[in-house]
Amino acid sequence: MVRSTSCVRPARLTTSGWGGSPNRPGARRYPATMHDPRVLLDPATDAVRRLTRRGFALDVATLDKLLSGRNSAIQRADEARAEAKRVATSVKGASADERPARVERARELKAVIASAEEEHRGLETELRDLLLGIPNLPADDLPDGTSDADAEHVRSWGEPVELDFAPLDHVDLGEKLGILDLARATKLSGPRFAVLRGRGAKLERALARYFLELHTEQHGYTEFSVPTLVTRAALTGTGQLPKFEHDLFRTGVAERELFLIPTAEVPLTNLHAQETLATEDLPLAYTAHTPCFRSEAGSYGRDTRGLVRLHEFSKVELVRFVEASRSRTELELLVGHAEACLQGLGLAYRVVKLAAGDIGFSAEFTYDIEVWLPGQQRYREIASASDFGTFQARRAGIRTKSRDGTRGFAATLNSSGLPIGRTLVALLEQGQQADGSVRIPEALVPYTGFDVLTPA
RNA sequence: GGAAGCGUGGCAGAGCGGCCGAAUGCACUCGCCUUGAAAGCGAGAGACCCGCAAGGGUCCGGGGGUUCAAAUCCCUCCGCUUCCGCCA
């Protein structure tokens with residue numbers, strides 16, 4: 001039962017993925033589009049400079065060589081095939097004398113086609129591999145820099161809570177309240193996992209419900225329940241693969257390979273992979289609450305305490321499919337939807353524009369939302385809202401067609417809306433009272449059924 | 001996991017190895033007709049790749065094979081349906 005709740009009819013899906021051998025030239029297939037190499041090579045794009053801002057050195061010479069080599073191979077194959085076609089149709093009407101010569105010519109052409117196709121296949125694969133590893137071009141209006149310290153302040157909301165007592169961090173709070181059990185989580189699964197207990201577990205459920213209701217009722221999102229195990233093709237579409245396999249948990253049963261999703265962005269965005277969306281149906285706004293799994297390789301020693309950086313956490317995600325020309329306008333909407341979550345809970349936060357060298361592989365522009373944590377006396381990232389332009393749509397084959405027949409690629413955007421664990425951290429720390437209890441925001445009470453957490 | 005069947009354009013559904021990118025119906029677009037609509041009549045309309053263009057090429061689930069020539073024959077994989085088994 002796959003009847004979609006979306007207004008778009010699913011396109012026919014091919015059964016092969018990225019993983020297989022390269023397809024025959026011209027055959028319907030997962031596209032080798034990712035970046036458009038012609039756009040990258042166009043001096044007007046200024047790709048080299050823009051990619052340098054994020055520390056990526058674009059090899060223009062190789063790209064150019066592969067592209068022109070591939071194109072001329074395609075042309076040679078096409079020409080030979082065109083002649084072969086003519087010769088083949090002429091065989092039937094040919095006289096007994098002419099016939100052997102024609103058949104012979106057809107045989108020759110067959111070999112020409114085969115060699116041109118083989119060359120095409122090889123170059124196509126090389127080109128694809130090169131293109132798949134090139135990140136998106138950062139927008140010019142992002143600040144320079146490569147770390148979160150280089151981010152540019154955009155706006156703040158709410159007052160950082162000034163407590164007239166020594167604030168505890170969420171771990172001490174959670175344990176004193178009897179809602180958080182990290183030691184037992186370690187017993188079950190090792191480091192970077194968490195167990196929530198009693199009102200803590202209920203709080204997690206309440207937050208997820210609160211966010212989902214907010215987005216579906218107030219912001220126009222359609223809720224989905226999606227798989228949390230996905231294919232290599234799906235992850236290639238959104239850009240986690242092939243470069244960042246070490247960040248993912250991989251599973252395998254017999255020959256079948258599946259990955260645990262690092263975010264619901266992956267299944268939600270790939271819902272429309274290999275489909276053509278009618279522009280009049282855009283924007284599409286999707287949300288889902290899923291667990292997320294991250295290996296956190298390379299973050300040894302960072303945020304080892306508490307709920308901030310776990311191998312498994314739960315998150316509500318927002319994804320939008322929009323017309324390419326509107327992506328930045330839509331990003332403003334999207335970041336507002338994420339902010340509404342925090343505003344509704346009365347949690348102080350600020351919005352920053354990430355530096356060009358600090359945004360994700362697939363992004364061209366990213367806002368981070370940072371929430372105030374009294375326990376750490378600083379703002380910490382709670383959500384990222386990114387505009388991917390057509391980067392993901394090209395990789396995943398998400399096309400658009402307007403009423404007048406114009407075709408193109410969609411733009412995709414996504415934001416957390418929000419991660420449950422980090423929200424809980426902020427809730428505990430900003431809501432703590434001198435007596436060790438924690439106030440629950442009014443908006444959440446209908447979902448929790450209680451308005452305060454008290455030490456056990 | 002075992003057995004049988006099926007996979008053709010937005011949908012339904014034809015298709016003798018060459019005249020098949022593919023009949024027909026529905027849906028769609030544009031005209032005509034109409035106060036408006038329906039009906040009727042006429043015309044049009046797939047996707048992708050190479051090319052400035054003219055044009056050329058590819059696509060009948062994927063891949064491979066036979067042949068001068070494959071939607072059509074063969075192999076294989078995938079998916080779907082039904083029956084049985086196993087389970088939530």
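Mentor: Contact here means heavy atoms within 4.5 Å. This is a predicted model, in which local features need pLDDT of at least 70 and side-chain atom pairs count only at pLDDT 80 or more, while totals for chains, interfaces and linings use all residues. Residues are numbered from 1 along each chain as its sequence is written, chains are lettered from A and ligands numbered from 1 in the order in which they are written, and side-chain values use heavy atoms, with hydrogens and water left out.

Trainee: Among contacts in chain A between residues at least 6 apart in sequence, what percentage join residues at least 24 apart?

Mentor: Chain A holds 13 helices and 16 strands, where helices (H or I, at least four residues) and strands (E, at least two) are DSSP runs numbered from the N terminus. Among its contacts between residues at least 6 apart in sequence, the share that joins residues at least 24 apart is 74%.

Trainee: Are the planes of Phe224 and Tyr286 stacked, tilted or edge-to-face?

Mentor: Rings of Phe, Tyr and Trp (its six-membered ring) pair if their centres lie within 6.5 Å, and planes under 30 degrees apart count as stacked, over 60 as edge-to-face and the rest as tilted. A search of the whole structure finds nine aromatic pairs. In the pair of Phe224 and Tyr286 the centres are 4.4 Å apart and the planes stand at 50°, so the pair is tilted.

Trainee: Which parts of the chain does the pair of Phe224 and Tyr286 tie together, and how many residues apart are they?

Mentor: Both Phe224 and Tyr286 are buried, that is, under 20% relative accessible area, with exposed over 50% and partly exposed in between (1.4 Å probe, protein chains only). Because Phe224 lies in strand 2 (residues 222-224) and Tyr286 in strand 7 (residues 284-293), the pair ties together parts whose separation in sequence is 62 residues.

Trainee: Why does the pair of Tyr286 and Phe321 count as edge-to-face?

Mentor: Tyr286 in strand 7 and Phe321 in strand 8 (residues 312-322) are 35 residues apart, and both are buried. Their ring centres lie 5.5 Å apart, and the pair is edge-to-face because the planes are at 65°.

Trainee: Which ring lies under the charged end of Arg199?

Mentor: A charge sits over a ring if NZ of Lys or CZ of Arg is within 6 Å of the ring centre and within 35 degrees of the ring normal. Arg328 lies over the face of Phe365, at 3.6 Å from the ring centre. For Arg199, the charged end is 4.2 Å from the centre of the ring of Phe450.
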